[in-house]
Amino acid sequence: MPIMLVLGAVLTAIDVVWTFTLAPLVQGAQLSEPVVIGGAQVTTKLLLSQKIFYLHVPVAVASFAVMALAAFFALRFLMTKDRSYDVRSKTAMEVTLVFIVATMISGDLWTRFEWGVWWVWEPRLTTYFILMLLVIGYFILRNAIDDPERRARFCAVFGIVAFVDAPISFLVTRLVPSSIHPVVFRTDSGLPPMMLIPFLLGLFGMLMIAFVLYCTAQRINADALEVEELKQQLEEQDAQATRAAADDALERLRKRGASVSAASAPAHDEHATQNQEG
Amino acid sequence: MDPILSEVYSTVLPAAPFVIAAYVGIWLALMVYVLVLSRRAKHTSDDIEALREALERRESKRDL
């Protein structure tokens, strides 16, 4: 696991360094007249904001991948009723939410600079926003149900239904012609190798980081669940011991009461006989 | 600066704070989660310690 974390961090670091040193700037609007920079003719403005996508897209893809994992574990829970799958699904949802927040932050900053507004109800943004609300709703649902069995079942179903929005959000820019969100994942992306390589390095690096985060969180959540179960067992043992002590005390009292009444019975009989004689 | 070069880079400098903020935001979100996980791990280990002590106390009581 540490090897994967180091590898993921190294790949992402290479992505960032490559992005700002070797990857060329994307061209924007036409210049009033061409200019030669470093021996190359430049006819358009250069866009720095596009550099955001080298990390924004890998983070977004990681959010979809981890959510797929959450839906898979939710399905496994419904099939097996094994609670460990519920914990795994919840953990994957947690990591999904973190990556969704990171995607939202970076995407919003790009939107603010390029489109001049913080938010646009554009198909990709809208479906991704719905995805975020669904993941938040998943945790609200988790906290609203006390019974562990019902909670796990309801959340598994909700998690699977929520995941339906992930492929919709991923594909919506291709399916809706009016979508103005840039499309990066396509066979004819036209990315030159100097841009494609850092992007792919970032993608694999971020997927590795997401997986390591999931595994670490899963270990901690499984331990926390075990602690909760142990606490419950101890409390039950305490309650049983208290009940047993109370039963013992009651039994002793009953025996004592019986012996007292047995001892007082001959005296009572004697007293009755004296009364009759009198 | 050459007016044409100034035009070429006119979108570069204004975008810089947004690009930096985006990169910082992504790492910040991940770091906050790592922090939450480390606190949760510490809390869990404290709980395990407390449970172990409770069990030991219970066993010593039973021995008496």
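This is a predicted model: local features need pLDDT of at least 70, side-chain atom pairs count only at pLDDT 80 or more; totals for chains, interfaces and linings use all residues.
Trainee: Is chain A a compact globule or more spread out than one?
Mentor: Look at the box first: along the principal axes, the C-alpha atoms of chain A fill roughly 140 × 40 × 35 Å. For 278 residues the globule rule gives 19 Å, while the radius of gyration of chain A is 34 Å, so chain A is more spread out than a compact globule.

Trainee: What share of chain A counts as buried?
Mentor: Buried here means under 20% relative accessible area. Among the 278 residues of chain A, the share that counts as buried is 38%.

Trainee: Now chain B. What is the radius of gyration of chain B?
Mentor: Chain B has two helices and zero strands. Its C-alpha trace spans about 90 × 10 × 10 Å along the principal axes. A compact globule of 64 residues would come near 11 Å, but the radius of gyration of chain B is 28 Å.

Trainee: And how much of the accessible surface of chain B belongs to carbon and sulfur atoms?
Mentor: As background, buried residues make up 30% of the 64 residues in chain B. The accessible surface of chain B comes to about 4,400 Å², and the part that belongs to carbon and sulfur atoms is 65%.

Trainee: Let's turn to pockets. Which helix gives the most to the lining of the second largest pocket?
Mentor: That pocket has a volume of about 630 Å³. Of the 23 residues that line it, the closest to its centre are A:K90, A:R151, A:A224, A:L225 and A:E228. At least two lining residues each come from helix 3 (83-115), helix 4 (123-144), helix 5 (148-163) and helix 7 (193-277) of chain A, and from helix 2 (12-63) of chain B. With eight residues, the one that gives the most is helix 7 of chain A.

Trainee: How many charged residues are in the lining of the second largest pocket?
Mentor: Sorting the lining by class gives the answer. There are seven nonpolar and five polar residues, and the charged ones number eleven.

Trainee: I'd like to see some aromatic rings. How is the pair of A:W121 and A:F129 classed?
Mentor: A pair of aromatic rings is described by the distance of the centres and the angle of the planes. A search of the whole structure finds 15 aromatic pairs over all chains. In one of them, A:W119 and A:W121 are 5.5 Å apart centre to centre, with 75 degrees between the planes, and that pair is edge-to-face. The rings of A:W121 and A:F129 have centres 5.8 Å apart and planes at 75 degrees, so this pair is also edge-to-face.

Trainee: How far apart in space are A:A68 and A:P167?
Mentor: A:A68 sits in helix 2 of chain A and is partly exposed, with a relative accessible area of 30%. In sequence, A:A68 and A:P167 are 99 residues apart, while in space, C-alpha to C-alpha, the distance is 9.6 Å.

Trainee: And how far apart in space are A:I100 and A:P182?
Mentor: A:I100 is found in helix 3 of chain A, and with a relative accessible area of 0% it is buried. A:I100 and A:P182 are 82 residues apart in sequence, and from C-alpha to C-alpha they are separated in space by 18 Å.

Trainee: One last stop: what is phi of A:K81 near?
Mentor: A:K81 lies in the loop between helix 2 (53-80) and helix 3 of chain A. Its relative accessible area of 41% makes A:K81 partly exposed. Phi of A:K81 is positive, in a residue other than glycine, with a value near 65 degrees.

Definitions and conventions: Residues are numbered from 1 along each chain as its sequence is written. Chains are lettered from A and ligands numbered from 1 in the order in which they are written. Side-chain values use heavy atoms; hydrogens and water are left out. On a 1 Å grid over the protein atoms alone, a cavity is a set of points where a 1.4 Å probe fits but cannot get out, and a pocket is an open set with protein on both sides within 12 Å along at least five of seven lines; lining residues have an atom within 4 Å of a point. Grid points are joined across faces, edges and corners, and a volume is the space filled by probe spheres set on the points. Helices (H or I, at least four residues) and strands (E, at least two) are DSSP runs, numbered from the N terminus. Ala, Val, Leu, Ile, Met, Phe, Trp, Tyr, Cys and Pro count as nonpolar, Asp, Glu, Lys and Arg as charged, and the others, Gly among them, as polar. The radius of gyration is taken over C-alpha atoms; the globule rule is 2.2 Å times the number of residues to the power 0.38. Buried means under 20% relative accessible area, exposed over 50%, partly exposed in between (1.4 Å probe, protein chains only). Accessible areas come from the Shrake-Rupley method with a 1.4 Å probe; for residues, only the protein chains shown count as cover. Rings of Phe, Tyr and Trp (its six-membered ring) pair if their centres lie within 6.5 Å; planes under 30 degrees apart count as stacked, over 60 as edge-to-face and the rest as tilted.
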